[in-house]
Amino acid sequence: MNSRQRAVERQRAMRNTSIVGALVNLVLTAGKVFFGVVGQSHALIADGIHSLADLSTDLMVWVAAKYSTQPADEQHPYGHARIETMFTVGLGVVLILTAGGIVWDATERLINPDTLMHPSAIVLLVAFISIVANEGLYQYTMVAARKHRSGLLKANAWHHRSDAISSVVVLLGVAGSLMGVAYLDAFASVVVAFMIAKIGWDQAWMSVRELIDTGLEPKQLKAIKELINNIEGVNGVHMLRTRRMGGSSIVDVHIQVDEFLSVSEGHRISEHVRHILLESNKNIVDVAIHIDPEDDENEDPSNRLPMRAQVMQDLRRVWAEELKYVDMEKVVLHYLDGQVHVEVFCSRDQPHDLGGRLIEKAEALGYTGDINLYSPV
Ligand SMILES: [Zn+2]
Ligand SMILES: [Zn+2]
């Protein structure tokens, strides 16, 4: 089996295990909420809501597949990935509020013991079935995780086991209540509520971090920087900035190249860097590169220099007597170290002291650096 087939197999295993997990959770949600109400158990209702919370996570995957993957359009040039992010924040908040509601209700009843529910024995059976079902999902998913060496599947498997633990808490609480310690059922519901709040918090927090444009982890940034630094034509990297978008990352970065490169060669290097970044990490979906001829991270000494039209006007004025020897259409300007360095092409029949005259007269402008003369051979 080649690596491509392996990837397809792994994806299939991912899909199959999550469909089985969602179906089992659907049945458990309905069963636990129904028997929680009929059998008068706080803890079982809370556990049912826990299963519902897990289902909502699966729902997010579906929302992401349906809406977030729409291609970019004129109004949304970066794509629609943040639809998923927004939904996830909303869902996380709903889960946290729900958990808060369960805790609130249980606390009120614990303060007024007369209002405590008295679970019936059927609740024990439902909790037991839930434990067996979730442990079964754990084993089933773990087998697939080992077979495909998938960290994601392993994480899913462990989630099923934590769901089993949630039902163990219910079982203990209800058993305690049945044996006469009435508050244990409500107490168990509080424990389960914290598990629900944890799911909500994890979902919301990741997405809020994305919405406030939190960058990638320092380790990832270092790897990206190293990668760029080793690319041909790159002399330095600074202002590396990253953002997350759905499950993807967006990178923008300044790279320093040789100071006398042509615009087209600088562009060639930047496209090269962009391709290598996109190839190196499939999570990176967008790269913007700014080319620098010198390190401008802390200050940009060339920022105050005049633009080309002004420079040309100044040169024509001070070089008025030499203009007939100089091709003013082909003047190349280099903005470096706070000076304008000038390359000029001269005619063949130039006076022997032309170079000296041009340099001396240009110096009067106060902002020029080297003046380089090129003559036809
Ligand atoms: Zn869960
Ligand atoms: Zn820069």
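1. The zinc ion (ligand 1) of this predicted model is held by H50 (NE2), D54 through two OD contacts, H159 (NE2) and D163 (OD), at 2.0 to 2.6 Å. Donors here are N, O and S atoms within 2.8 Å of the metal (3.2 Å for Na, K and Ca), and sites may look incomplete because water is not among the atoms. Along the chain the donor residues follow the spacing H-x3-D-x104-H-x3-D.

2. H159 and D163 are separated by about one helical turn because they stand 4 residues apart in helix 5 (residues 151–178). Helices (H or I, at least four residues) and strands (E, at least two) are DSSP runs numbered from the N terminus. H159 is partly exposed at 30% relative accessibility, whereas D163 is buried at 5%; buried means under 20% relative accessible area, exposed over 50%, and partly exposed in between (1.4 Å probe, protein chains only).

3. Distant parts of the chain are linked by H254 in strand 2 (residues 248–256) and D292 in strand 3 (residues 284–292), which are 38 residues apart. H254 and D292 are both buried.

4. An unreviewed UniProt entry annotates "transmembrane region" at residues 20–38, 44–65, 86–104 and 116–137. UniProt positions follow the numbering used here, feature names are shortened, and annotations may be inferred rather than shown by experiment. In the model, residues 86–104 are 100% helix and 0% strand, with end C-alpha atoms 27 Å apart; residues 116–137 are 73% helix and 0% strand, with end C-alpha atoms 33 Å apart.

5. The unreviewed UniProt entry also places "domain: Cation efflux protein cytoplasmic" at residues 217–294. The chain over residues 217–294 is 38% helix and 36% strand, and its end C-alpha atoms lie 27 Å apart.

6. The whole structure contains 15 salt bridges, each being a side-chain nitrogen of Lys or Arg within 4 Å of a carboxyl oxygen of Asp or Glu. D105 pairs with R109 at 3.3 Å between the closest N and O atoms; both residues lie in helix 3 (residues 82–111), 4 residues apart. R274 and E271 meet at 3.2 Å, N to O, and are about one helical turn apart because they are 3 residues apart in helix 8 (residues 263–280). R274 is partly exposed at 27%, as is E271 at 25%.

7. D353 forms a salt bridge with R357, with the closest N and O atoms 3.3 Å apart. Shared partners join E321, E322, D353, R357 and K361 into one salt-bridge network.

8. On conventions, residues are numbered from 1 along each chain as its sequence is written, and chains are lettered from A and ligands numbered from 1 in the order in which they are written. Local features need pLDDT of at least 70 and side-chain atom pairs count only at pLDDT 80 or more, while totals for chains, interfaces and linings use all residues; side-chain values use heavy atoms, with hydrogens and water left out.
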